[in-house]
Amino acid sequence: MTDGMDRPHSPQPGPASGGYGYPQPGQSNPYQPEPAAGQGQGFGPPPVADETFPPPIPETFAPSPTPDWQAMADASESQRKKRRMLAIGGGALAVLLVAGGATFFVLQGGDKPDDKPSASSSGSPTPTGPAKSPTRNPDDDYPTLPGDPNVLRDYNGKTGIALGPGASLGALSMRTEVRFKGAADSYAQGAEAAVDVTRSFSVSTRAYNTTEGGSHMAVSQGDGDSYSFELGFEVVNGKKAWVFRVQTGDKGQAATAQQVVVDNVDTVKKWALLTGTYDAEKKTIALWVDDKQAGQAQVAGIWPGPGPVQLGRARHHGIWSASWEGALDHIRIFDQAINQEQVTALKNNKPGKLKPIHAWLV
């Protein structure tokens, strides 16, 4: 474990160069598009026969159109009310039929992700964490906004996250994950900043990393010149490590970044709960892996850079880089620095009274 930024970030080259933020030469890449028949299979569900994946795009590319976030939120609330009314009416009808001696079966489907493992033979990772509770309202488990399957629904707020062209959703054993291919177009972006980084906060996600080298960020916040915080995987001093890093200086200068690193755990093809915290009163950041604290570092504060929450990438020196390669789920953001007991509760998927201000795919 080390504290302090020991090297600046480098711009991410294009996909063909195999450099920073991209798979290394000769390295398997299970999140790339499925090859043709007879050429082997990678991670993810089998492709549709006529599916065409977009070609690599340069580092500077036009962002996807910004959705109408307020309209999406209103549509989500309207859909939720309709479903509840239908559920109440269906329950009353069931009582009347049973009272009359009728026997019937209610077949329901289509509103929530497939809760059975995918039939794909591509070797998608098996989750190690607890599955969702089967007693939850199916409406609460819907992973995307009604009518827009490309925007992740915020269960505890109003910040939807729109999937980029190279990101996709996958259903596995009563849960849904978002998958990234380690390319410039494989990301997801929120409508706004998810948390005020000048105050205490925590960011947490279950992460599955498939790469051996480079820098790959699962969750970050910021655009413009730099991130404000980033959480993910990186090779530090020649060792594969989980890292939580924050910017303390204006415009994201490398010398003003502070980080907490843990390099004594398995970081490749293993699910891990990563949690980064910032205590504004104590001026400390900390990194937790599963329910164990990796360490902490003293900071002067965190630079409140502009820009929204990001999944699968981070902003470095004015460009997008550190593309994630793997899967994420159970993404939560809190407006407090959570403690050991609360992190353990997250690890066991029993948060109790601990309520995030934003939550996606939980």
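## Positive phi at K269

K269 sits in the loop that connects β11 (257–262) to β12 (271–279). The model is predicted. In it, the phi of K269 is near 55°, a positive value in a residue other than glycine. Most residues other than glycine have a negative phi.

Is K269 buried, partly exposed or exposed? Its relative accessibility is 44%. Exposed requires over 50% and buried requires under 20%, so K269 counts as partly exposed at 44%.

## Helix α2 and its ends

The N-terminal end of α2 is capped by N339. A side-chain oxygen of N339 lies 3.2 Å from the backbone nitrogen of E341.

Just after α2 comes N349, with a positive phi of about 55°. N349 belongs to the loop between α2 (340–347) and β19 (358–360). Its relative accessibility is 21%. Because buried means under 20%, N349 at 21% counts as partly exposed.

## The buried face of α2

Which residues of α2 are buried? They are V343, A345 and L346. Viewed down the axis of α2, these buried residues fall within an arc of 155°, so they line one face of the helix.

Several strands contribute to the cover over the buried residues of α2, including β7 (201–209), β12, β13 (284–289) and β18 (325–334).

## Nonpolar cores

The largest nonpolar core has 42 residues. Which of its members touch the most other members? They are F201, F229, W242 and F244.

Leaving aside residues up to four places away in sequence, F201 touches V195, D196, F229, F244, G276, T277, Y278, I302, F334, D335, Q336 and A337. A second, separate core has 8 residues, among them W288, F334, L346 and L354.

Strands β4 (residues 168–172) and β5 (residues 175–181) pair in the antiparallel sense, over 5 bridges. Within this pairing, L169 has V178 in β5 as its bridge partner.

The two strands, β4 and β5, form a hairpin with 2 residues between them. What is the phi of S173 in the turn? S173 has a positive phi of about 45°.

Terms used: Residues numbered from 1 in each chain as written. Predicted model: local features only at pLDDT ≥ 70, side-chain atom pairs only at ≥ 80, totals over all residues. Heavy atoms only, no water. Helix = DSSP H or I, 4+ residues; strand = E, 2+ residues; numbered from the N terminus. Buried < 20%, exposed > 50% of the residue type's maximum accessible area, 1.4 Å probe, protein only. Core = buried A, V, L, I, M, F, W, Y, C linked by side-chain atoms within 4.5 Å. Contact = heavy atoms within 4.5 Å. Arc of directions from axis to C-beta. Polar contact = N/O pair within 3.5 Å; in protein donor to acceptor, adjacent residues only side chain to side chain. Pairing = 2+ DSSP bridges.
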